[in-house]
Amino acid sequence: MYAPTALEKPVTIQTLRKMKADGEKFITVALYDAPMAAMAEKTGVEAVLIGDSLGMTVLGYDSTIPVTMEQMIYHVEAVARGNKKSLIMGDMPFMTYATPEQALTNATRIMQAGAHMVKIEGGAWLGETVRMLTDRGIPVCAHLGLTPQSVHKLGGYRVQGRDQDQAGEIFDDAATLDEAGADLLVLECVPAHLAKRITDAVSMPTIGIGAGRDTDAQVLVINDILGLTEQPPKFSKNFLIEAGDIPGALRKYAEDVKNGTFPDDAHTFQ
């Protein structure tokens, strides 16, 4: 059984690729400040994401769309000061990567703030952007399924890929982004069988959130782990209730992911 310990050395993309090859799950937490970032490192969290979810969890917006580059940079810098060993991913805000050239300019800013990788939402249309960034030394985490920056186009926060045509499109998008050179892939709110099919097909490690237990990693927002969300999503779990304190909640989350007990069927879309 896995028991969390502090990271001994910095985690890289190659670390995560080896974990995928070895069938070892890795842990990802979306967080936004130096103290939580430091605690994640001490708990053995391999990757941390400064998500534009901070718009709702920290800034009080009703979606991720108002989040600016300046706000993202502020929080990336804070996390980078608190954590020296986890892989740090920084979200690219809404409409900051509409063209490859715009993406390159803004991704540079996120990387210079302390991120090791940028995350962008979208399908095959991002292939050229992924190639441009990765060719220039900027690693990319892609994001498919429920993409919160497209919430108005999607008609709300809905599970994606339940019908055959949509599932096929998501699968094809994943294959295209993998071929373009993306290094990681977040799959959000998709049926577990689709997430497994994609995970088995692509070379890049996959990170699930509401995507079942067969992805190479799991990610949850720190607010959900600690029970701070007023109406938590189905796929989340309050680990603080069982653990009793914040370090314990992070450890319990890590243990349950590594040991395969989270997510269970109650936190999965079929």
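Residues are numbered from 1 along each chain as its sequence is written, and side-chain values use heavy atoms, with hydrogens and water left out. Because the model is predicted, local features need pLDDT of at least 70 and side-chain atom pairs count only at pLDDT 80 or more, whereas totals for chains, interfaces and linings use all residues.

The structure holds 11 salt bridges, a salt bridge being a side-chain nitrogen of Lys or Arg within 4 Å of a carboxyl oxygen of Asp or Glu. One of these joins glutamate 24 to lysine 258, with the closest N and O atoms 3.7 Å apart. This pair links distant parts of the chain, since glutamate 24 lies in the loop between helix H1 (13-22) and strand E1 (26-30) and lysine 258 in helix H12 (residues 246-258), 234 residues apart; helices (H or I, at least four residues) and strands (E, at least two) are DSSP runs, numbered from the N terminus. Glutamate 24 counts as partly exposed because its relative accessibility is 41%, while lysine 258, at 17%, counts as buried. In these terms, buried means under 20% relative accessible area, exposed over 50%, and partly exposed in between (1.4 Å probe, protein chains only).

A further salt bridge is formed by arginine 109 and glutamate 70, whose closest N and O atoms are 3.4 Å apart. Here too the pair links distant parts of the chain, with arginine 109 in helix H5 and glutamate 70 in helix H4 (residues 69-82), 39 residues apart. With a relative accessibility of 33%, arginine 109 counts as partly exposed.

The side chains of lysine 252 and glutamate 242 also meet in a salt bridge, at 3.5 Å from N to O. Lysine 252 lies in helix H12 and glutamate 242 in helix H11 (residues 240-243), so this pair ties together parts that are 10 residues apart in sequence. Salt bridges that share partners join Lys237, Glu242, Lys252 and Asp256 into one network, in which glutamate 242 counts as exposed, at 54% relative accessibility.

Between H11 and H12, the loop contains aspartate 245, which counts as partly exposed at 37% relative accessibility. Not counting residues up to four places away in sequence, aspartate 245 touches Leu240 and Arg251, where contact means heavy atoms within 4.5 Å. The C-alpha atoms of aspartate 245 and proline 93 are separated by 32 Å, the two residues being 152 residues apart along the chain. Isoleucine 246, in helix H12, is partly exposed, with a relative accessible area of 30%. Its contacts, apart from neighbours within four places in sequence, are with Met36, Met39, Leu226 and Leu240. From isoleucine 246 to methionine 36 the C-alpha to C-alpha distance is 9.2 Å, although the two are 210 residues apart in sequence.

In helix H6 (residues 127-135), the residues Gly127, Thr129, Val130, Met132 and Leu133 are buried. The cover over the buried residues of H6 includes helix H5 (100-112), strand E4 (117-121), strand E5 (140-145) and H8. Glycine 137, with a positive phi near 85°, follows H6.

Helix H8 contains aspartate 173, which is buried yet has no salt bridge, the nearest side chain of opposite charge being that of arginine 131, 12 Å away. For such assignments Lys and Arg count as positive and Asp and Glu as negative, His and the chain ends not being counted, and the place of a charge is taken as NZ of Lys, CZ of Arg, CG of Asp or CD of Glu. With neighbours within four places in sequence left aside, aspartate 173 is in contact with Gly123, Ala124 and Leu144. Aspartate 172 likewise lies in helix H8 (residues 164-180), but counts as partly exposed at 49% relative accessibility.

A negative surface patch is formed by Asp163, Asp165, Glu169 and Asp172. Patches are made of residues with over 30% relative accessible area and no salt bridge, like charges being joined within 9 Å and nonpolar side chains (Val, Leu, Ile, Met, Phe, Trp, Tyr) within 5 Å. A nonpolar surface patch consists of Val58, Leu59 and Tyr61, which together have about 220 Å² of accessible area; accessible areas come from the Shrake-Rupley method with a 1.4 Å probe, and for residues only the protein chains shown count as cover. Valine 58 lies in the loop between helix H3 (54-57) and H4 and, at 42% relative accessibility, counts as partly exposed.
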